[in-house]
Amino acid sequence: MLKYPIIIEKERNTVENYRLVYIPDFDQYTEGETITDCVNMAKDLIGLHCLILDEDKNETFPISTPINKIEHKDSELVTVVEIDYENYKKKYTKKLDLY
């Protein structure tokens, strides 16, 4: 199980109606309308990036930063998301039928 911290804006962007989500260990952003949506989008982004690192680049995954080391503003929520990478990989990797 992979665990990574994420930073979610507490307030929605009033024009676009979304919250920005930052995944510091991947230096990537995503967005969601609700907190739950933000968490799910972050999980998907992490899973996809790990899949690329694993299968395309043959590189190791980033080391997870401890949550107490994450710098953030008062207007942001910091939490940790868990990703079952093996299940993610099975779900999204194309399987070759060799028979």
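Biologist: Taking helices as DSSP runs of H or I with at least four residues, and strands as DSSP runs of E with at least two, both numbered from the N terminus, which residue follows α1?
Modeller: α1 is followed by Asn58, which has a positive phi, near 55°. This is a predicted model, so local features need pLDDT of at least 70 and side-chain atom pairs count only at pLDDT 80 or more, while totals for chains, interfaces and linings use all residues. Residues are numbered from 1 along each chain as its sequence is written, and side-chain values use heavy atoms, with hydrogens and water left out.

Biologist: OK, what about the sheet, in which order do the strands come?
Modeller: The four strands form an open sheet in the order β3-β2-β1-β4 with antiparallel pairing, where two strands pair if DSSP finds at least two bridges between them. β3 (28-32) and β4 (76-83) are the edge strands, each pairing on one side only. Neighbouring strands are turned by 30° against each other on average, direction ignored; the axes behind such angles are lines fitted to C-alpha atoms, for helices over the stretch in contact, and the angles run from 0 to 180 degrees between N-to-C directions.

Biologist: How many bridges link β1 to β4, and how many link β1 to β2?
Modeller: Strand β1 (residues 2-9) pairs with β4 over eight bridges, whereas β1 and β2 pair over two bridges. On the β4 side, Glu9 is partnered by Glu76 and Ile7 by Val78, while Ile8 has Val21 of β2 as its bridge partner.

Biologist: And is β1 mostly covered or mostly open?
Modeller: β1 is mostly covered, with six of its eight residues buried, where buried means under 20% relative accessible area, exposed means over 50%, and partly exposed lies in between (1.4 Å probe, protein chains only).

Biologist: Switching to the helix, where does α1 lie?
Modeller: Helix α1 (residues 35-56) lies across β1, β2 (19-23), β3 and β4, running at about 145° to β3. Its buried residues include Cys38, Ala42, Leu45 and Leu53, and what covers the buried residues of α1 includes the four strands β1, β2, β3 and β4 together with α2 (85-92), contact being heavy atoms within 4.5 Å.

Biologist: What length should α1 span?
Modeller: With the expected span taken as 1.5 Å times one less than the number of residues, the 22 residues of α1 should span 32 Å, and the end C-alpha atoms are 31 Å apart, which agrees.

Biologist: How many salt bridges are there?
Modeller: There are two salt bridges in the structure, each defined as a side-chain nitrogen of Lys or Arg within 4 Å of a carboxyl oxygen of Asp or Glu. In one of them, the side chains of Lys3 and Glu82 meet at 3.4 Å, N to O. Lys3 belongs to strand β1 and Glu82 to strand β4, so this pair ties together parts that are 79 residues apart in sequence.

Biologist: Which side chain meets Asp54?
Modeller: Asp54 meets Lys89 in a salt bridge at 3.0 Å, N to O. Since Asp54 sits in helix α1 and Lys89 in helix α2, the pair ties together parts that are 35 residues apart in sequence.
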